[in-house]
Structure formats: C-alpha cells, structure tokens
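Student: Could we go through the terms used for this model one by one, setting each value against its definition?

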Amino acid sequence: MIIVMRPEATADQVDHVCALVTEAGLKPQAIQGTDLVVVAVIGDDRLKDDSKFEQVPGVDRIMRVLSPYKMAAVETTAGKRTEIRVGEGDGCIFGGVSVPVIAGPCSVEGEDKLLEIARKVKAAGAHALRGGAFKPRTNPYAFQGHGEDGLKMLAAARDLTGLPIVTEVLTPSDVELVSKYADCLQIGTRNAQNFKLLEAVGQQQKPVLFKRGMAMTINEYLQAADYILAEGNPNVILCERGIRTFEDHTRNTLPLASVPELKRRSHLPIVVDPSHGTGHAYLVPDMSRAAIAAGCDGLAIECHQDPAHAMTDGAQSITPEVLTELMGSLARVADAVDRVCRPTVSV
Ligand code: PEP
Ligand code: MN
C-alpha cells in the first residue's frame with residue numbers, strides 16, 4: 001500500500017502518518033518526490049487496512065500496490081523515473097536523459113596499471129571507472145583481489161581523472177570500508193540474494209549498482225532490489241548482466257528484453273553489462289549499442305589495456321582503442337532514441 005500525501009502536507013503530517021503505520025505493526029518509508037511525499041507501507045498485507053488512513057490530515061489518497069516489490073514498483077513514483085547521481089557533479093547521473101558509461105578492468109591489478117587504464121578510460125570518454133578490489137570468483141582458490149589496498153588505488157585513480165568509482169562489496173562487514181572509498185557499491189550476481197548484504201548496503205547512502213542474480217527471475221530481482229530500498233537507501237541502480245541458460249556460445253545469455261520490462265515495472269534506472277552478459281569482447285560493442293537502443297540508462301563495460309594478460313575476465317575485456325571507437329557510435333545510437341551518451345571531455 002502507498003499513502004500519497006497532498007503536495008501541501010506538512011512534515012508533521014507525514015510524521016503522524018508514519019506513526020500510525022508503525023502503530024499498525026507495519027513499516028513506513030517516506031519517499032520525498034519533487035512535488036510531494038509518498039509513504040510506502042511495508043509489511044504483511046493482511047494487516048493492512050487502508051480505510052483508516054483516508055481521513056488522516058495531509059493524506060491525498062491510498063494506492064494498493066499488488067506487486068510484491070512495492071518501493072521499487074513504478075506506481076510508487078506515479079511513473080516518474082528515479083535519477084541517481086554517482087560521484088560529485090553532473091557527469092554521471094543514471095535514470096535521466098543521459099546514458100553514462102562505466103568502464104574499467106574487471107580487477108584492480110596494481111596501482112600503475114590501474115592509473116594507466118583509468119587515464120585511458122577517461123580519454124575514451126567514459127563517465128565512471130569500475131574495478132574490483134574484492135573479487136568473487138568461480139574458483140575460490142583464484143585471485144580474490146587486493147582488498148583495501150585496491151580501494152586506495154581506486155581512490156588515487158579518481159583523484160587523477162575525476163571519474164567516480166564503482167567497486168564491488170562482498171560481505172556486510174566490508175560495507176563501511178568500501179563505502180568510505182567508493183562512489184557506488186556494486187553487488188555482484190553471486191550475492192544478489194545475500195539478504196544480509198542487501199540490508200547492509202541499504203543502511204548506508206552511497207548508490208548501489210545491483211546486479212541481477214544469474215538465476216533470478218525479474219520478479220525475484222525486483223523483490224531483492226525492494227529489500228535494499230526498504231532499508232532506507234533510495235539509490236539503487238539495477239544492472240542486467242546476463243543469466244544462466246542452456247546456451248553456451250556466450251558466457252551468460254544477455255536478455256535485453258529485460259530492459260523495457262524492468263522499466264515497465266520499476267522506476268529504478270537500469271544499466272546493462274554486455275561484458276559479463278556475453279563473455280566475449282567481440283560481442284561487446286554490438287550488445288552495447290543494442291542495449292542503448294533497448295532503452296538502458298547506462299552501460300558497465302570491462303576495459304583492459306592488455307586483455308591477454310588480464311588477471312580476470314580478459315576474454316570479455318575490450319581495449320581502450322575499441323572503447324574510444326565505441327563511444328562515438330553509442331552517441332549516435334543514443335541520439336536516435338532521444339537519449340544522450342556524450343563522451344566526457346578528456347583530462
Ligand atoms: C564483475 O563486475 O567483475 C563481476 C564479478 O560481475 P558479476 O557479479 O556480474 O559476475
Ligand atoms: Mn569481471
């Protein structure tokens with residue numbers, strides 16, 4: 001259930017509604033929109049009696065949301081898309097007219113290499129830098145990242161280029177540490193249903209790039225996204241990174257129909273990761289263009305200066321030269337679908 005407050009409702013009236021919701025054994029979550037406040041009511045549907053809220057001062061109307069992901073549902077914002085800023089400034093905003101590109105290596109491999117690729121990614125025109133300091137691996141004995149040292153390298157790369165940084169957090173106990181350095185916390189596919197981790201990222205305010213679990217349905221995915229929102233962090237960016245199917249010509253199957261489907265169901269921005277989605281660098285440019293044509297709000301692309309020697313995910317990493325060329329064509333595709341994907345100005 002969603003309680004829509006009148007545009008002129010006072011803060012006291014919103015607090016009063018929240019108190020009534022709590023009194024009913026439910027959890028209120030007030031969401032401040034541009035014109036008005038809505039209070040999402042979270043909890044057991046059977047306890048909800050909407051009639052008692054109708055006459056409360058400041059309340060405009062009550063909306064029943066049938067979907068199991070109430071805060072993530074498109075009805076919650078009356079169709080308005082949520083815009084999420086990553087980093088300082090206006091260079092990287094997801095969910096608006098612009099389509100930012102996050103690019104960088106799969107892993108932070110070392111300071112010199114990171115600074116070199118960060119410079120190249122920036123020169124290519126990308127809007128944010130990615131790189132894993134904590135790496136989830138298919139084989140647990142493989143390289144698992146440089147940890148806090150890697151985070152410090154990412155911070156140095158941000159200082160050098162001005163690009164905001166996106167990096168993965170693997171455990172609830174690392175959330176505070178990672179959010180100290182990162183501009184955006186990534187939740188990887190293997191952790192998309194790690195509810196304790198979702199709670200932890202929901203309890204801090206840095207934006208979250210929330211990747212779809214490789215075996216999750218859209219419904220399950222949006223419920224998990226909702227769980228982050230319900231903890232109080234409104235800054236959740238969805239990310240389609242491909243799912244497991246019987247098809248094996250690609251590492252995962254990248255279902256681009258999920259982009260318009262997610263936008264139909266949710267107000268949250270949706271980024272596409274064509275690197276993990278395909279597993280092959282040669283497929284990344286075409287799938288990036290297709291993702292923008294399908295309406296995505298951003299791209300996350302693995303880019304390495306020497307893919308053959310990358311410590312992780314070399315096969316799916318494009319070179320800075322390919323990225324540079326790609327940025328030009330992304331701008332043209334974006335233009336054709338009334339979006340903007342303008343390369344950033346180089347340092
Ligand atoms: C990554 O971004 O490098 C990564 C491990 O992604 P995913 O969780 O989608 O596999
Ligand atoms: Mn990777």
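**Pockets, metal site, rings and cavities**

Tutor: The largest pocket lies between domain 1 (2-64) and domain 2 (84-336), because both domains give residues to its lining; the bounds come from an automatic or database domain assignment. The model is a predicted one, in which local features need pLDDT of at least 70 and side-chain atom pairs count only at pLDDT 80 or more, whereas totals for chains, interfaces and linings use all residues. Residues are numbered from 1 along each chain as its sequence is written, chains are lettered from A and ligands numbered from 1 in the order in which they are written, and side-chain values use heavy atoms, with hydrogens and water left out.

Student: What makes a space a pocket or a cavity, and how much space lies in the largest pocket?

Tutor: On a 1 Å grid over the protein atoms alone, a cavity is a set of points where a 1.4 Å probe fits but cannot get out, while a pocket is an open set with protein on both sides within 12 Å along at least five of seven lines, and lining residues have an atom within 4 Å of a point. The largest pocket holds about 720 Å³ of space, and of its 28 lining residues I31, Q32, G33, T77 and T82 are the closest to the centre. Strand β2 (27-32) and β4 (59-63) each supply at least two lining residues, with β2 giving the largest share, four residues.

Student: Which residues lie nearest the centre of the second largest pocket?

Tutor: They are P136, R190, R251, H276 and D313, out of 19 lining residues, and about 240 Å³ of space lies in this pocket.

Student: Which protein atoms are called donors of the manganese ion (ligand 2)?

Tutor: Donors are N, O and S atoms within 2.8 Å of the metal (3.2 Å for Na, K and Ca), and since water is not among the atoms, sites may look incomplete. C106 (SG), H276 (NE2), E302 (OE) and D313 (OD) lie 2.1 to 2.4 Å from the manganese ion and are its protein donors; along the chain they follow the spacing C-x169-H-x25-E-x10-D.

Student: Why does E302 count as buried?

Tutor: Buried means under 20% relative accessible area, exposed over 50%, and partly exposed in between (1.4 Å probe, protein chains only). E302 has 1% relative accessibility, and therefore counts as buried.

Student: Why is the pair of F210 and Y221 called tilted, and what is the pair of F195 and Y227 called?

Tutor: Rings of Phe, Tyr and Trp (its six-membered ring) pair if their centres lie within 6.5 Å, and planes under 30 degrees apart count as stacked, over 60 as edge-to-face and the rest as tilted. The structure holds two aromatic pairs. F195 and Y227, at 5.6 Å centre to centre and 65° between the planes, are edge-to-face; F195 lies in helix α6 (residues 195-202) and Y227 in helix α7 (residues 218-230), so this pair ties together parts 32 residues apart in sequence. F195 is partly exposed, because its relative accessible area is 40%. The rings of F210 and Y221 have centres 5.3 Å apart and planes at 40°, so that pair is tilted, and both of its residues, F210 and Y221, are buried.

Student: How many cavities of 30 Å³ or more does the structure hold?

Tutor: There are two, and the largest cavity, with a volume of about 40 Å³, is lined by residues including P105, S107 and E109.

Note on methods. Points joined across faces, edges and corners; volume = space filled by probe spheres on them.
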